[in-house]
Amino acid sequence: MKAIKLSSLVIIILIMNSCFKECPEGLSEHNEGLDKINLPYIIPYSDTSTRLFLKNGKDTLLFKSEGLKESYEFAEFGEIGGCNKYKLQKFTLKMAASETDYISIHYYTRINWGPSVKLFFNLGESYKLTTEYSENNFIHYTDYKIVKKNILNTMYDSINSLSDPNFEEIYFKPKFGLLKVKTSKFSLELIN
């Protein structure tokens, strides 16, 4: 009985190995970079930026930039055992008021998909929320919902109203940054 199981296992391994072919000569390498001209639309904060927000209508939080970081992720993808190698570029910036109150923006490339933007909101010990958008929501924002909005007695125009089912409101002004975010559990409003 053990010999039959062992023989079956060896046969399965041999069949599996014969299915995977070696990568052809001249391995295909791809650099998936981001266009830096779009960076101010997506991450409009510098290494020294600060923004004062009103949290939940009562607390003020001063968010400070922790600096723009550039990194690369390496991935394999393809029809023949991952014969395409990809170098994926990523920019990240974190605006922090404390260890538990921060906003993080990630602008990155993906394999076979256009550049994307992730917004991470960490407000307090237990409230974390993430949303993801296409780069187009930021650089081609005029194709989306543009509004004029009064936020804490300051009128803003040409605002991008981002949509996400987990958020009641997210307003972002290109080349300026986050103006307001609101969910059923928290809100942040820029104090100008």
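Okay, let's start inside: strands β2 (50-55), β5 (101-110) and β6 (113-123) each give at least two residues to the lining of the largest cavity. Keep in mind that this is a predicted model.

The space in the largest cavity is about 80 Å³. Around it you'll find Tyr 45, Arg 51, Phe 53, Phe 63, Met 95, Ile 103, Ile 105, Leu 119, Phe 121, Phe 172 and Leu 178. Sort that lining by type and you get 10 nonpolar residues, 1 charged and no polar.

Now to Ser 49, which sits in the loop between α2 (39-42) and β2. Is Ser 49 buried or exposed? Its relative accessibility is 10%, and buried means under 20%, so Ser 49 counts as buried. If we skip neighbours within four places in sequence, Ser 49 touches Phe 63, Lys 64, Ser 65 and Met 95.

Last stop, Asn 160, over in strand β9 (residues 154-161). Here the relative accessibility is 1%, so Asn 160 counts as buried too. What does the side chain of Asn 160 reach? That would be the backbone oxygen of Asn 137, at 2.3 Å. And have a look at Tyr 171: it is 11 residues from Asn 160 along the chain, with 5.7 Å between the two C-alpha atoms.

How values were computed: Residues are numbered from 1 along each chain as its sequence is written. This is a predicted model: local features need pLDDT of at least 70, side-chain atom pairs count only at pLDDT 80 or more; totals for chains, interfaces and linings use all residues. Side-chain values use heavy atoms; hydrogens and water are left out. On a 1 Å grid over the protein atoms alone, a cavity is a set of points where a 1.4 Å probe fits but cannot get out, and a pocket is an open set with protein on both sides within 12 Å along at least five of seven lines; lining residues have an atom within 4 Å of a point. Grid points are joined across faces, edges and corners, and a volume is the space filled by probe spheres set on the points. Helices (H or I, at least four residues) and strands (E, at least two) are DSSP runs, numbered from the N terminus. Ala, Val, Leu, Ile, Met, Phe, Trp, Tyr, Cys and Pro count as nonpolar, Asp, Glu, Lys and Arg as charged, and the others, Gly among them, as polar. Buried means under 20% relative accessible area, exposed over 50%, partly exposed in between (1.4 Å probe, protein chains only). Contact means heavy atoms within 4.5 Å. A polar contact is a pair of N or O atoms within 3.5 Å; within protein, one must be able to donate a hydrogen and the other to accept it, and residues adjacent in sequence count only if both atoms are side-chain atoms.
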